[in-house]
Amino acid sequence: MALSDTDLSEIEQLLTGEDASVPVFAELRRRFPALSWTQCDASDVTEAPFRTYSRFDVHLLDTADHCAHITSDPQRATGVILAKRGA
C-alpha cells in the first residue's frame, strides 16, 4: 500500500493532536489496516526519520522485496514504525 499525501496528512493530524486521551497507535492501526504498524522507542531506530513530530518520529517500512528496510519513499511504504520520542 502506497501512502498518499492525504494519508500522510491524516497521520500528521493524529500525531500532532492535542487530545492526549486518544490512543494514537490503536487509532492509526484502525484507520490504516493495510499497513503494518510497529511501535518502539525513538532510541531503538538509528535511521533518520521520514517525519518528526513533538512526541513521535515516523519511519516508513518497505517489505516488498523480501527484505524489510527503512525507506523515505511513501510510494514504497508497506508499513510504518512509530517511534516515541522522550519527554
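Q: A helix is a DSSP run of H or I with at least four residues, numbered from the N terminus. Which helix holds leucine 28?
A: Leucine 28 lies in helix H2. The model is predicted. H2 covers residues 24-31.

Q: Why is leucine 28 called buried?
A: Buried means under 20% relative accessible area. Leucine 28 has 0% relative accessibility, so it counts as buried.

Q: What does leucine 28 touch, not counting residues up to four places away in sequence?
A: Leucine 28 touches Ile11, Leu14, Leu15, Trp37 and Leu82. Contact here means heavy atoms within 4.5 Å. Leucine 28 and glutamate 12 are 16 residues apart in sequence. In space, their C-alpha atoms are 10 Å apart.

Q: Why are H1 and H2 called roughly antiparallel?
A: The axes of H1 (residues 5-16) and H2 cross at roughly 160°. Angles over 145 degrees count as roughly antiparallel. H1 and H2 are therefore roughly antiparallel to each other. Their axes come within 10 Å.

Q: What is the handedness of the crossing of H1 and H2?
A: H1 passes H2 in a right-handed crossing.

Q: Which residues of H1 and H2 meet?
A: From H1 come Glu10, Ile11, Leu14 and Leu15. From H2 come Val24, Glu27, Leu28 and Arg31. The contact divides into five nonpolar, no polar and three charged residues.

Q: Why is glycine 17 called partly exposed?
A: Partly exposed lies between the 20% limit for buried and the 50% limit for exposed. Glycine 17 has 29% relative accessibility, so it counts as partly exposed. Glycine 17 and alanine 42 are 25 residues apart along the chain, and their C-alpha atoms are separated by 19 Å.

Q: Where does phenylalanine 32 lie?
A: Phenylalanine 32 lies in the loop between H2 and strand S1 (36-41).

Q: How do you know that phenylalanine 32 is buried?
A: The limit for buried is under 20%. Phenylalanine 32 has 3% relative accessibility, so it counts as buried. Phenylalanine 32 and glycine 79 are 47 residues apart in sequence, yet 9.6 Å apart in space, C-alpha to C-alpha.

Q: What makes histidine 66 count as exposed?
A: Exposed means over 50% relative accessible area. Histidine 66 has 83%, so it is exposed. Histidine 66 sits in the loop between strand S3 (56-62) and S4.

Q: Where is isoleucine 70, and is it buried, partly exposed or exposed?
A: Isoleucine 70 is in strand S4 (residues 69-71). Its relative accessibility is 25%, so it counts as partly exposed.

Q: Which residues are in contact with isoleucine 70, leaving aside neighbours within four places in sequence?
A: Isoleucine 70 is in contact with Glu47, His59, Leu60, Leu61 and Ile81. Lysine 84 is 14 residues from isoleucine 70 along the chain, and their C-alpha atoms are separated by 17 Å.

Q: How many helices and strands does the protein have, and in what order do they run?
A: The protein has two helices and five strands. From the N terminus on, they run α-α-β-β-β-β-β.

Q: How do you know that the radius of gyration agrees with a compact globule?
A: With 87 residues, a compact globule would have a radius of gyration near 12 Å. The protein has 12 Å, so the two agree. Along its principal axes the C-alpha trace spans about 35 × 25 × 20 Å.

Q: What share of the residues is buried?
A: Buried residues make up 38% of the 87.

Q: What share of contacts joins residues at least 24 apart?
A: The share is 53%, among contacts between residues at least 6 apart in sequence.

Technical notes. Residues numbered from 1 in each chain as written. Predicted model: local features only at pLDDT ≥ 70, side-chain atom pairs only at ≥ 80, totals over all residues. Heavy atoms only, no water. Axes fitted to C-alpha atoms, helices over the stretch in contact; angles between N-to-C directions. Parallel < 35°, antiparallel > 145°, perpendicular 65-115°, else oblique. Left-handed = near helix turned anticlockwise from the far one by under 90°. Nonpolar A, V, L, I, M, F, W, Y, C, P; charged D, E, K, R; others polar. Rg over C-alpha atoms; globule rule 2.2 N^0.38 Å. Buried < 20%, exposed > 50% of the residue type's maximum accessible area, 1.4 Å probe, protein only.
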